[in-house]
Amino acid sequence: MLPSLTVIAVLIAVWWLVVDLTRSAIFPTPWQVVMGTVELIRDGTLWEHIGASLMRVATGFGLAVLFAVPLGLWMGWVKGAFSTLNPIFQILRPISPIAWIPIAILWFGVGNASPIFLIFISSVFPMVVQTTAGVHTIERRYLRAAENFGVSRYTLFRRVIIPAVLPQIIVGMRIGLGVAWLVVVAAEMIALHSGLGYLIIDSRNAGNRYDLVISGMVIIGLIGLSLDGTMRLLEGLKIVRWRYVR
Amino acid sequence: MSAKIAVKGLKKGFITDQGLLQVVNGISFDVADGEFVAFVGPSGCGKTTLMNIIAGFDPPDEGTVKVDGASRSGPSAKGILISQHGSVFPWLTVQQNLMFGLNGHAPSNKEQLADHYADLVGLKGFEMSYPHELSGGMLKRAELARALVVKPEILYMDEPFSALDALLSLRMRKEFLRILAEERHTVVLITHDVEEAIHLADRIFVLSARPAHIKATFAVPFEHPRRLSSPEAQGLKESILRELGV
């Protein structure tokens, strides 16, 4: 903990020093960024922007989970579904979500639906891939044991397949949420009138407020970190801990 | 009286890059109800393949396996396989594992049964533990209890104690005999440990090197509890080892 805090402190010091030495008129000092942030907190706009971004991520990511997990389970379990759908996913997956922005605007306009669609697109593929891989890597001895005891399909799914794949699903969700947070900021820079991405691009356009630009960037980083931390908490659940021990 | 398990003319081979690899080559034997038979053979001789066929997981190329006079068509809870690597579900607690195969019982009965068998194998107090919190020996006990709780008529045991150290393996054998004295099962055991076979079985089949066939059959006429150091047991061990070419 201490070394990483030291690195951060040194970086801030260097930043401050360079801005002071070059007497930059536009690039802010760390202190100016802090004051800019205080200003955003005082007039309440910061919470609006954070709330807007989080709401879009929650909606798009939530829809992606609801879509990807059942689809991934199905593709993992049914060979025909995998061989039919996997090629399409492998083609769609490497397309950057940013490339979808023009299409999103065409289909959904510049309201909330566009970024939600982009978040959905960006997080759905990693989750489908991870879930499918999770089913494929269930060890045969567990499936055989389930077969041996002659349990119903319902018990097989509820007691064997779902819990066996859950750790992989959580990995997929971590990746998906990380990508979703990257994308929401990018999407908000193109259109819309709220959100952290909008805050950044608007601060630059409306009078070169680079203190607010950097403030927005830092806040995005911190929220991204805490989102990942939240997903990591899921890895501590009793039902998936078997995967991370030994 | 007809045999509990009647095996006739089993053959099994696998297609490899070098052509057909014959693994099981014409194996026939009968097991009486309540009898304990053991197969000993050199490693890689096709023991596990044979077990998978008898337990119903793999179809033979030729030959038949009849249980209670009926041809077998896949595994069933009538005969539970305990494999070398174990298949206790790591995502379920000991109690949930034991309740896994119990269909058609009221939930409270399930718990009672599970706890009774956990007690029987010496896992009292660990019902709520997850497998990764248990030692190797306790894991074996859980595996055994999960098989016993569904009251199978037959136990198929493939090197059940070979992953344990010698002392623990001996202790598990003794406890297993104690349980068998309480509730009689028909047991088919596969092992490479001649002493283990003499300790446990009523009859011992010696398998040849691959492709496996039965080279010799030995009856074990000793009363339980058996003293492995007795001259008779030592003599039997030497005869079996001679058949194995050691």
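In which kind of crossing, left-handed or right-handed, does helix 9 of chain A pass helix 10 of chain A? Keep that in mind while we set the ground rules. What you have is a predicted model, in which local features need pLDDT of at least 70, side-chain atom pairs count only at pLDDT 80 or more, and totals for chains, interfaces and linings use all residues. Residues are numbered from 1 along each chain as its sequence is written, while chains are lettered from A and ligands numbered from 1 in the order in which they are written.

Now to that helix pair. Helices and strands here are DSSP runs numbered from the N terminus (H or I with at least four residues for helices, E with at least two for strands). Helix 9 (residues 196-205) of chain A and helix 10 (residues 210-234) of chain A have axes that come within 8 Å and cross at roughly 165°. Axes are lines fitted to C-alpha atoms, for helices over the stretch in contact, and angles run from 0 to 180 degrees between N-to-C directions. That makes helix 9 of chain A roughly antiparallel to helix 10 of chain A; the label applies over 145 degrees, with under 35 being roughly parallel, 65 to 115 roughly perpendicular and the rest oblique. And the crossing is left-handed, meaning the near helix is turned anticlockwise from the far one by less than a right angle, with clockwise being right-handed. Among the residues that meet are A:Leu199 and A:Ile200 from helix 9 of chain A, and A:Gly216 and A:Ile220 from helix 10 of chain A; contact requires C-beta atoms, placed from the backbone, to lie within 7 Å.

Compare a second pair in chain A. Helix 5 (residues 101-108) of chain A packs with helix 6 (residues 113-136) of chain A at an angle of about 135°, their axes 9 Å apart, so these two helices are oblique to each other. Helix 5 of chain A passes helix 6 of chain A in a right-handed crossing. A:Ile101, A:Ala104, A:Ile105 and A:Phe108 are what helix 5 of chain A brings, and they meet A:Ala113, A:Ser114, A:Phe117 and A:Leu118 of helix 6 of chain A.

Over to chain B, which has two sheets to look at. One is an open sheet of four strands in the order 2-1-4-5, with antiparallel pairing (two strands pair if DSSP finds at least two bridges between them). Strand 2 (19-31) and strand 5 (70-71) of chain B are at the edges with a single partner strand each, so one side of each lacks a neighbour in the sheet. Inside it, strand 1 (residues 5-16) of chain B and strand 4 (residues 62-67) of chain B pair over five bridges, and B:Lys11 has B:Glu62 in strand 4 of chain B as its bridge partner.

The other is an open sheet of six strands, ordered 6-7-8-3-9-10 in chain B, with mixed pairing. Here the edges are strand 6 (79-82) and strand 10 (214-219) of chain B. Five bridges join strand 9 (residues 203-207) of chain B to strand 10 of chain B, and the two run antiparallel; B:Val206 has B:Ala216 in strand 10 of chain B as its bridge partner.

Finally, how do the chains meet? In this model, 20 residues of chain B are in contact with 17 residues of chain A.

Terms used
Contact = placed C-beta atoms within 7 Å.
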